[in-house]
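Have the model open while you read.

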Amino acid sequence: MKSTTRPVKKKKSGLSAISPTYWLISIVAVMVALAIIVLVGLPAAGTNTAMANGNSLGDAKAPVTVEVYADFQCPICGQFDRGTLKQIEDKYVKNGKVRIVFNHYAFIGDESTRAAEASECANTQGKFWEYADTLFNNQAGENQGAFSDANLEKFAQQVGLDMDKYRTCMQQNTYLGKVQASTQAGTQRGVNSTPTLFINGQMARGAISLASFESIAGTLLRQ
Amino acid sequence: MFGLLTPGSLTDSFLAGLICGVIPLFFSTGKNRLKLGFGGLIACMVSGLLLGLVLAIPVSGFFLWQIFRQHEPVPFQVQARNRRLVITILSLLGIFVAGYLTWSHFSGEPVYCGGSNSCELVNSSRFAYLGPVPVALIGLTGYILILVLSLIPQKDDRQWPLLLIFGGALIGTLLQWYLFYIEVAVLRAVCYWCVTSQTLITLIFLLSFPRQDPAAEEAEADRAEA
């Protein structure tokens with residue numbers, strides 16, 4: 001039997017074959033990349049807070065403004081609020097591209113007007129959007145008591161309003177004039193159904209999809 | 001069919017072809033079949049333009065098959081030279097892609113994106129900026145640097161150009177994959193131009209990945225033994 005005295009050559013393989021210089025470069029590269037990623041991602045933390053300002057949502061300097069004319073009793077408005085409007089909020093409002101402004105178009109009945117007034121009373125306490133969402137989520141038929149004063153008060157409690165202030169606000173019809181003026185202004189602008197949007201002034205009727213919104217706002221979104 | 005002729009769709013098909021085409025080019029370096037690699041790139045771009053991915057994928061597969069039919073061992077030096085040449089080509093393609101996106105930023109022209117707004121959305125999102133600087137401009141600068149470095153003549157004792165390409169490509173790859181994550185998870189819109197750039201920088205990174213010359217290694221081991 002033939003035997004060899006030559007030691008078995010130990011082959012450096014895999015990562016151990018890579019020279020220390022490459023390791024050093026890799027570590028530096030990873031750190032640079034992480035630093036850039038952190039810098040790119042940073043504004044995210046700042047823009048998510050304090051988005052709401054009264055009945056508007058988003059950066060006042062956003063290139064696209066979406067004015068929504070809606071009635072709290074209108075079921076399609078509810079769908080739109082939960083659907084496209086939330087998508088727009090996630091995709092464009094948070095990054096400062098779009099501002100949403102809610103305008104009342106209370107035309108279905110008395111409960112529409114009372115609900116709109118209540119939302120404005122909530123607005124004075126900085127809870128317009130919470131209250132509006134609560135209304136949309138509690139729709140149950142039109143003018144059938146879903147938005148009776150008692151129910152509106154219950155919603156006010158749910159969103160944590162100061163109830164004394166809320167009751168005074170509602171009893172004095174503080175915002176009736178504002179709701180009526182908004183509805184009238186809508187009619188003058190050609191609104192006759194809800195929801196109706198004005199995307200930088202361009203009218204779009206109905207609960208449009210995110211894709212339709214994007215196609216209308218497409219060229220404006222890059223500004 | 002007419003839709004294919006619109007600039008947007010044409011761009012998408014072209015980019016799809018380009019992505020399919022750089023894969024045979026990438027693998028042709030190790031097999032010393034650069035002509036097949038380049039042929040594959042051109043054929044995929046043309047077939048992408050004609051029928052999009054439907055034709056570009058099989059064409060890419062065909063060229064890969066042709067390349068992998070070659071079994072003879074290729075000397076390390078030849079492979080290294082091929083890799084550098086392909087890095088040059090890929091960085092030129094990268095300059096084209098990142099250059100277009102940068103131009104779109106500064107000119108205000110919308111990014112052609114097959115009729116969808118995905119590219120617009122991605123490139124106008126806040127993730128497309130590092131302070132006031134568009135990310136596309138950073139990419140363009142990176143590709144230009146890689147191109148310049150890849151053109152520096154290679155010598156055995158001159159390792160730094162490849163070292164810098166490796167470092168730069170690693171930074172670029174990590175950034176591109178982060179941005180891809182943002183596209184998919186946050187913006188929910190994928191931009192073809194960005195995916196193309198992501199493919200290019202990842203391949204450049206893989207090509208610049210440190211490799212040990214087996215012959216030199218053996219010689220070194222022998223020396224150590226002696």
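A quick word on burial: a residue counts as buried under 20% relative accessible area, as exposed over 50%, and as partly exposed in between, using a 1.4 Å probe on protein chains only. Helices (H or I, at least four residues) and strands (E, at least two) are DSSP runs numbered from the N terminus. This is a predicted model, where local features need pLDDT of at least 70 and side-chain atom pairs count only at pLDDT 80 or more, while totals for chains, interfaces and linings use all residues. Residues are numbered from 1 along each chain as its sequence is written, chains are lettered from A and ligands numbered from 1 in the order in which they are written, and side-chain values use heavy atoms, with hydrogens and water left out.

**Buried spots in chain A**

- Helix 6 of chain A (residues 128–137) has eight of its 10 residues buried, so the rest of the structure largely encloses it.
- The buried set in helix 6 of chain A is A:F128, A:W129, A:Y131, A:A132, A:D133, A:T134, A:L135 and A:F136.
- A:T65 sits in strand 3 of chain A (residues 64–70), and A:T65 is buried too, at a relative accessible area of 17%.
- Leaving out residues up to four places away in sequence, A:T65 touches A:R99, A:V101, A:F198, A:I199 and A:N200; contact here means heavy atoms within 4.5 Å.

**Cavities**

- A cavity is a set of points, on a 1 Å grid over the protein atoms alone, where a 1.4 Å probe fits but cannot get out; lining residues have an atom within 4 Å of a point.
- Grid points are joined across faces, edges and corners, and a volume is the space filled by probe spheres set on the points.
- On that basis there are three cavities of 30 Å³ or more, and the second largest cavity has a volume of about 50 Å³.
- Lining the second largest cavity are A:I36, A:V40, B:V135, B:I138, B:L175, B:Y178 and B:L179.
- Two or more lining residues each come from helix 1 (20–41) of chain A and from helix 6 (135–151) and helix 7 (160–187) of chain B, with helix 7 of chain B giving the most, at three residues.
- By class, that lining of the second largest cavity has seven nonpolar, no polar and no charged residues; Ala, Val, Leu, Ile, Met, Phe, Trp, Tyr, Cys and Pro count as nonpolar, Asp, Glu, Lys and Arg as charged, and the others, Gly among them, as polar.

**Salt bridges**

- Over all chains, the structure holds 11 salt bridges, each being a side-chain nitrogen of Lys or Arg within 4 Å of a carboxyl oxygen of Asp or Glu.
- A:E214 pairs with A:K91 in a salt bridge, with the closest N and O atoms 2.8 Å apart.
- A:E214 is in helix 10 (residues 210–221) of chain A and A:K91 in helix 4 (residues 84–93) of chain A, so this pair ties together parts 123 residues apart in sequence.
- Both ends are buried: A:E214 has a relative accessible area of 12% and A:K91 one of 13%.
- A:R167 forms a salt bridge with A:E153, the closest N and O atoms being 2.9 Å apart.
- With A:R167 in helix 8 (residues 163–171) of chain A and A:E153 in helix 7 (residues 149–158) of chain A, the pair links parts 14 residues apart in sequence.
- A:R167 is partly exposed at 30% relative accessible area, and so is A:E153 at 27%.
- A:R167 also meets A:D164 in a salt bridge (3.9 Å, N to O); these two are three residues apart in helix 8 of chain A, so about one helical turn separates them.
- A:D164 is exposed, with a relative accessible area of 57%.
- Elsewhere, salt bridges with shared partners join A:D81, A:K86, A:E89 and A:D133 into one network.

Terms used: On a 1 Å grid over the protein atoms alone, a cavity is a set of points where a 1.4 Å probe fits but cannot get out, and a pocket is an open set with protein on both sides within 12 Å along at least five of seven lines; lining residues have an atom within 4 Å of a point.
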